[in-house]
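Here is a set of questions and answers on a model of protein chains with DNA. Work through them with the structure open.

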2 protein chains.
Amino acid sequence: MKESETATPRQRYRAQVREEIKQHAWEQVATAGASALSLNAIAKQMGMTGPALYRYFANRDELITELIRDAYRSLADTFRARVEAGGSLPDLAAALRAWALADPQRYLLIYGTPVPGYQAPEETTRIAGEVMAAVLDACAAGQLPEPPPSPSPPSPSPSASALEAHLADHRAWAGPHPAPAPALRRALAFWSRLHGLLSLELAGHFTGMGFDPALLYAAETEAL
Amino acid sequence: MKESETATPRQRYRAQVREEIKQHAWEQVATAGASALSLNAIAKQMGMTGPALYRYFANRDELITELIRDAYRSLADTFRARVEAGGSLPDLAAALRAWALADPQRYLLIYGTPVPGYQAPEETTRIAGEVMAAVLDACAAGQLPEPPPSPSPPSPSPSASALEAHLADHRAWAGPHPAPAPALRRALAFWSRLHGLLSLELAGHFTGMGFDPALLYAAETEAL
DNA sequence: TGCGATAGTTAGAGGCTATAACGCTCGTCA
DNA sequence: TGACGAGCGTTATAGCCTCTAACTATCGCA
């Protein structure tokens, strides 16, 4: 709000119209999916002609990129808030499902099928990194500080320990995060398993199967 | 082949052109994704004008539906062959990954983001059921016939047993398959976990993270 | 051999993205 | 306070796309 106070009237108007465009864009995305988003239709809804929108977004891709950025931002903020409130991994899992079900197309916008040529800008990948960092925080928090090297307990399978060794060597994606290798592994399992369930559920692959996806989700959450 | 022998020349020609159209369609899908598929472009590649293709497919959706059906058919055949050769669950997992990596867009065509309004025809859901049946076969095969009701072994977590009880009551999706509840649970875990990994990998969410997705896949396969 | 079904054509309506060129208005600054 | 210029929105246009209508030409069967 500070910025909008100090800006010139022209800048304030511009920012306001951009927001209005994005709002209509979200409505279209929510109802028909990102692929059906039409600048022309948005302009008509706003009582303008199509080309006018090109004053605000260079092209359709730039608008979608902005929506993707905002979606990542929203998810990162949601996770960050949970983690700072002391949330554990199951808390994050529940938050993720709630966030996804609140607006399925928003989830699919960032984790759904990308168009082959698309390259996300640096800012987007940075925010995506924030999301992973929050997951890593939760994984590293609810964990034994340093499990002694007794190879007995629930018999870590060969692939699992091979993976952990590999991850210990390839932890660039975790940035400067101090999470130990088992936490890295848990974070990847969290991400991929829950994404698997959510994307199948949101894509409707469970409809008609009769069972309740929430129970499956809860069981997978607990298995982590 | 029998059919094409008994058919009239007209019918044979028609079937042949349909196949040629689908072949060009697959090329487009493989390079630019299903959303970029253009009947016009296909027609030009074949030396025809756009409207000519409407003699063979009522509209763009019907062509895509046919591609989806063929993709499911291909996956179901792949699974069925493995199961009949005595393949275990890890075998199916490896086959799934190979099938997905062979043509990522084909995988995403059936398991990627659907367009909101789309309703799959009965035949498609039936073939999708075949895929699940093969997984259920593998799950039921490599399993203890009837674990005695001793609630001790690796302490089944509350959510997991609640889920199994729920699945025992809602097994309509398994059809007449005789798989016990734990097998149903394993099949769903197989499907959702591996889909999670594959869709993230194919969507490029692992690129730039440095680690090898194959190792993560192997570890998850073993965890099943 | 002739006729009917069917393949492929052109023409065109209506949608989309995107650019170019034009007026008009609003805020700023002398 | 008044003039000027930046920026907003318009129309026109090009070039895609899907899909329909109407016409022509051809192929195969009776």
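Q: Of the 21 residues around DNA strand D, which come nearest?
A: This is a predicted model. Around DNA strand D there are 21 residues. Those that come nearest are T49(A), N40(B), P51(B), N59(B) and R60(B).

Q: Which elements give two or more residues to the surface near DNA strand D?
A: Both chains take part. Chain A contributes through α2. From chain B come α2, α3 (39-45) and α4 (60-84).

Q: Which residues are closest to DNA strand C?
A: DNA strand C is surrounded by 21 residues. Elements giving two or more residues to that surface are α2 (9-32), α3 (39-45) and α4 (60-84) of chain A, with α2 (9-32) of chain B. By class, the surface holds nine nonpolar, six polar and six charged residues. The closest residues are N40(A), P51(A), N59(A), R60(A) and T49(B).

Q: Which element gives the most to the side of chain A that touches chain B?
A: The contact draws 39 residues from chain A and 38 residues from chain B. On the chain A side, α8 (158-169), α9 and α10 (213-223) each supply at least two residues. That side has 22 nonpolar, 14 polar and three charged residues. With eight residues, the element that gives the most is α9(A).

Q: What covers the buried residues of helix α6 of chain A?
A: Helix α6 (residues 104-111) is mostly covered, with eight of its eight residues buried. Among them are P104(A), R106(A) and Y111(A). The cover includes α2, α4, α5 (89-102) and α9 (181-202) of chain A.

Q: Which residues is L136(A) in contact with, leaving aside neighbours within four places in sequence?
A: The largest nonpolar core has 107 residues. L136(A) is one of those with the most contacts inside this core, a group that also includes V135(A), A187(A) and L136(B). Beyond its sequence neighbours, L136(A) touches A174(A), H177(A), A179(A), A183(A) and A187(A).

Q: Is A218(B) buried or exposed?
A: A218(B) sits in helix α10 (residues 213-223) of chain B. The cut-off for burial is 20 or more other C-beta atoms within 10 Å. A218(B) has 21 such neighbours, so A218(B) counts as buried.

Conventions:
Residues numbered from 1 in each chain as written. Chains lettered and ligands numbered in written order. Predicted model: local features only at pLDDT ≥ 70, side-chain atom pairs only at ≥ 80, totals over all residues. Near = placed C-beta within 6 Å. Helix = DSSP H or I, 4+ residues; strand = E, 2+ residues; numbered from the N terminus. Nonpolar A, V, L, I, M, F, W, Y, C, P; charged D, E, K, R; others polar. Core = buried A, V, L, I, M, F, W, Y, C linked by C-beta atoms within 7 Å. Buried ≥ 20, exposed ≤ 12 C-beta atoms within 10 Å, placed from the backbone. Contact = placed C-beta atoms within 7 Å.
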